[in-house]
Amino acid sequence: MNMMDMFGKMKEVQSRMKDAQEGLRNVTETGESGAGLVKVTVNGLKNVLSMEIDPDLLKSADDREMLQDLIVAATNKAMQNVETKAREHLRQATEGLLPNIPGLNLDGLMS
């Protein structure tokens, strides 16, 4: 492979990786806690998109600590779930572009 071909391939890789990373905005996952009383949806960029709280949890000020715990649990679950989907999205978006090199880890591209 000559140098020009190699540079062309690198430009293609960079372009596809940029597109794949931008596509992470559309990869979403929802985490639930308290048997669905709290639901948090995040995207592949690890941004919280929405949160739903069952109205019954808001009736008593005494339940504040429990509500906080449920929000944290639902958010953490959504983040864990979206991580898996984001990895798969990046893998599919770059499939065939990069050789299968043992030890090559693209996980840093999601941060």
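This is a predicted model: local features need pLDDT of at least 70, side-chain atom pairs count only at pLDDT 80 or more; totals for chains, interfaces and linings use all residues.
The chain has two helices and three strands, arranged along the sequence in the pattern α-β-β-β-α. Of its 111 residues, 24% count as buried.

Me: Why are helices α1 and α2 called roughly antiparallel to each other?

Reply: The axes of helix α1 (residues 3–23) and helix α2 (residues 64–94) cross at roughly 150 degrees. Angles over 145 degrees count as roughly antiparallel, and α1 and α2 are therefore described by that term. The two axes come within 9 Å, and α1 passes α2 in a right-handed crossing.

Me: Which residues make the contact between α1 and α2?

Reply: On α1 the contact is made by Arg16, Met17, Ala20, Gln21 and Gly23, and on α2 by His89, Leu90, Ala93 and Thr94. These residues divide into four nonpolar, four polar and one charged.

Me: Why does glutamine 21 count as partly exposed?

Reply: Glutamine 21 has 28% relative accessibility. Buried means under 20% and exposed means over 50%, with partly exposed in between; glutamine 21 therefore counts as partly exposed.

Me: Why is serine 33 called buried?

Reply: The relative accessible area of serine 33 is 9%. The cut-off for buried is under 20%, so serine 33 is classed as buried. Serine 33 is found in strand β1 (residues 28–33).

Me: Which residues does serine 33 touch, not counting those up to four places away in sequence?

Reply: Serine 33 touches Val38, Leu70, Ile71, Ala73 and Ala74. A contact here means heavy atoms within 4.5 Å.

Me: What share of the contacts with a separation of 6 or more comes from residues 24 or more positions apart?

Reply: Residues 24 or more positions apart account for 53% of those contacts in the protein chain.

How values were computed. Residues are numbered from 1 along each chain as its sequence is written. Side-chain values use heavy atoms; hydrogens and water are left out. Axes are lines fitted to C-alpha atoms, for helices over the stretch in contact, and angles run from 0 to 180 degrees between N-to-C directions. Helices (H or I, at least four residues) and strands (E, at least two) are DSSP runs, numbered from the N terminus. Angles under 35 degrees count as roughly parallel, over 145 as roughly antiparallel, 65 to 115 as roughly perpendicular and the rest as oblique. A crossing is left-handed if the near helix is turned anticlockwise from the far one by less than a right angle, and right-handed if clockwise. Ala, Val, Leu, Ile, Met, Phe, Trp, Tyr, Cys and Pro count as nonpolar, Asp, Glu, Lys and Arg as charged, and the others, Gly among them, as polar. Buried means under 20% relative accessible area, exposed over 50%, partly exposed in between (1.4 Å probe, protein chains only).
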